[in-house]
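Here's a model to look through together. Have the sequence and the coordinates open while you read.

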Amino acid sequence: MTGRPIIEIENLSHTYMKGTPMEHVALKGANLYAEEGECIAIIGHTGSGKSTLIQHFNGLMRPESGKVIIDGEDLSKKKVDLKTLRQKVGLVFQNPEDQIFEKLIGDDIAYGPFKLGLPIKEVRERVKWAMDVVGLDFEEIKDRQTFALSGGQKRKVALAGILALKPKILVLDEPTAGLDPKSRKELLDKIKRLNKDEKLTVVFVSHNMEEVAMLADRVYVMAGGTDVLTGTPKEIFTDKEKLQHHQIGTPETVQVLYKLTDLGYQVNTEAFSVLEAAEEIMKVLAGKKEGSEHVQRI
Amino acid sequence: MSSEFEISRSITIGQYVPTGSFIHRLDPRIKLLVFVILVVAIAFNTSYFGNAIGLVLSLYLFWASKIPISYGLSGVKPAIPFIVILAVLQLLFQGQLFSDGRVYVDYGFVLITSESIRLVVVSAVRFIEIIFLSSVLTLSTSTTELTHSIQSLLSPLKKIKFPVHEISLITTIAIRFVPTFAIEMEKMMKAQASRGADFGTGGWWRIVQRTKEMFPIIIPLFNIALSRAEDLILAMESRCYTPGGERSSYSVYKAIAKDYLVLLVGLFFSLLLLFYPFPF
């Protein structure tokens, strides 16, 4: 990638409840770098500082020490135009369906654009566009009651509420947690489309390695409040030693391929996408068949 | 730089700071009892000297329980507006009731005497003392201990069919969920700020606007509270909770010599504050 840098975080630290007995260091010298149009995954165990890190992207948290530059704007300055920043960086929290508060779906999605002070016509267009992107039918759904929706649909509405701000960077905290497999797949497809077609820079936190393998251009591994490992999914998931050292899970495909190598089969462990892995397994199966026939013949 | 949304930090109710001090290890029933009699005594004492004793005592308790005084101060901070308003009102309108002593100002309905000034100062200090004392109590006693002791202190009332167990259960749940909702509220404020909401921007006189600004937080919080309550009911019922059922307790308290000693000291201070004729 040779794009323009859009997120530059250097040596960022943050301590919660500073100066009390409950003091807790959440970030300690964390770094993150993203270029325009990239899709970045952040993985790491609970308490590794992922959520604290992403809250720095749109100024919910201000850098205590270290540097945060978003789209060229230095957030460690005293005066930052938070409104513009939050429009630029759309942050979708965990379980975003909790934040829906209006009675009608259309009104809830329109909340953000109205807060930006846009004229009603523009708001309407944005709501329509956002609902379109997440796959909700504007005419049919906009006047429905929010509480009558299913979990997956609610999450789509919440996502649309953020997209209606037309952000340049979309940040998602465990976007698929608690969704059923079907809604999970739908949502991932939407995120992928936003990244590829609408050229949004996407940063997402995930515990699901299949998602990471499928979506991310690059992966940051967080541990103990700092980034310990970074690289493409391929680089991360094929580095067996480091994976074990940081106790990072791998996609199931990688696990299967590693098991096969352990059993003495010649497979390419870098082939971790489902299709490639399937091909590798087919090869092993074919080889086995040939081999056993060979034995029989002798 | 602390975040504008760090509200769970300023909520000290239901927070327990385990330092393992002498105060922490007291029998919670005795602790609660001493707290109650001290608060009553402080509430009735109107002398400068008596309240100075109360203030020193409550500060000493912070030291004895090894809890940083900053915790107590952060409890006082949100109360400052009330203290100030109360003080101003008392200063302007209570003079007629406390017209003894030297008269400083007598202008229309405003009458400021040495006695009414005493009232203002003493009530402010008293307020702070009570906040300090209750901070020490809640910071050094876990909520389970606290509710168990409420239940055991109120248990004589069972004879007159007072629902002691139910009341203590309700208080436990209420206190237990204060920090939880503070965290939820923080999350909700951040989530709504992320889509352009702003809180408390208009002047304080624009009450309607400021109330409207809170809707995006209050409504989801109600939703969350209700669904949490439902979960809690299910969790309790699946563990065979029956209202009105006879229950045994996991922890049984037994007061020992040092607890009685603390009770005696507490009684001494209370009686001193209540009945000793302080010179000023």
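Predicted model: local features only at pLDDT ≥ 70, side-chain atom pairs only at ≥ 80, totals over all residues.

Residues are numbered from 1 along each chain as its sequence is written, and chains are lettered from A and ligands numbered from 1 in the order in which they are written.

**Chain A overall**

Chain A carries twelve helices and ten strands; helices here are DSSP runs of H or I with at least four residues, strands are runs of E with at least two, and both are numbered from the N terminus. Its C-alpha atoms fill a box of roughly 80 × 50 × 40 Å along the principal axes. Of the 298 residues in chain A, 40% count as buried, where buried means 20 or more other C-beta atoms within 10 Å of the residue's own, exposed means 12 or fewer, and partly exposed is in between, with C-beta atoms placed from the backbone. Take contacts in chain A between residues at least 6 apart in sequence: 65% of them join residues at least 24 apart. A contact means that two C-beta atoms, placed from the backbone, lie within 7 Å.

How confident is the predictor? Mean pLDDT (the per-residue confidence, from 0 to 100) is 87 for chain A, with 95% of its residues at 70 or more. Within chain A, helix α12 (residues 274-297) has the lowest confidence, a mean of 71, and strand β8 (residues 201-205) the highest, at 95.

**Two helix pairs**

Two packed helices are described by the angle between their axes and the distance between the axes. Axes are lines fitted to C-alpha atoms, for helices over the stretch in contact, and angles run from 0 to 180 degrees between N-to-C directions.

| Helix pair | Angle | Axis distance |
|---|---|---|
| α3 (105-115) and α4 (120-134) of chain A | about 120° | 9 Å |
| α3 (69-76) and α5 (114-140) of chain B | about 125° | 9 Å |

α3(A) and α4(A) are therefore oblique to each other, and α3(B) and α5(B) are oblique too; under 35 degrees counts as roughly parallel, over 145 as roughly antiparallel, 65 to 115 as roughly perpendicular and the rest as oblique. The crossing of α3(A) and α4(A) is right-handed. On the α3(A) side the contact uses G106(A), I109(A), A110(A), P113(A) and F114(A), and α4(A) answers with V123(A), R126(A), V127(A), A130(A) and M131(A).

In chain B, α3(B) also passes α5(B) in a right-handed crossing; right-handed means the near helix is turned clockwise from the far one by less than a right angle, left-handed anticlockwise. Here Y71(B), G72(B), G75(B) and V76(B) of α3(B) meet I128(B), I131(B), F132(B), S135(B) and L139(B) of α5(B).

**Positive phi**

Most residues other than glycine have a negative phi. K199(A), not a glycine, has a positive phi of about 60°. K199(A) sits in the loop between α7 (181-196) and β8 of chain A, and is exposed, with 11 other C-beta atoms within 10 Å. C240(B) has a phi near 65° and lies in the loop between α8 and α9 (257-275) of chain B.

**Where the chains meet**

How many residues does each chain give to the contact? Chain B gives 22 residues and chain A gives 26. On the chain B side, α7 (164-194) and α8 (207-237) each supply at least two residues, and α7(B) has the largest share, seven residues.

Terms used
pLDDT = per-residue confidence, 0-100.
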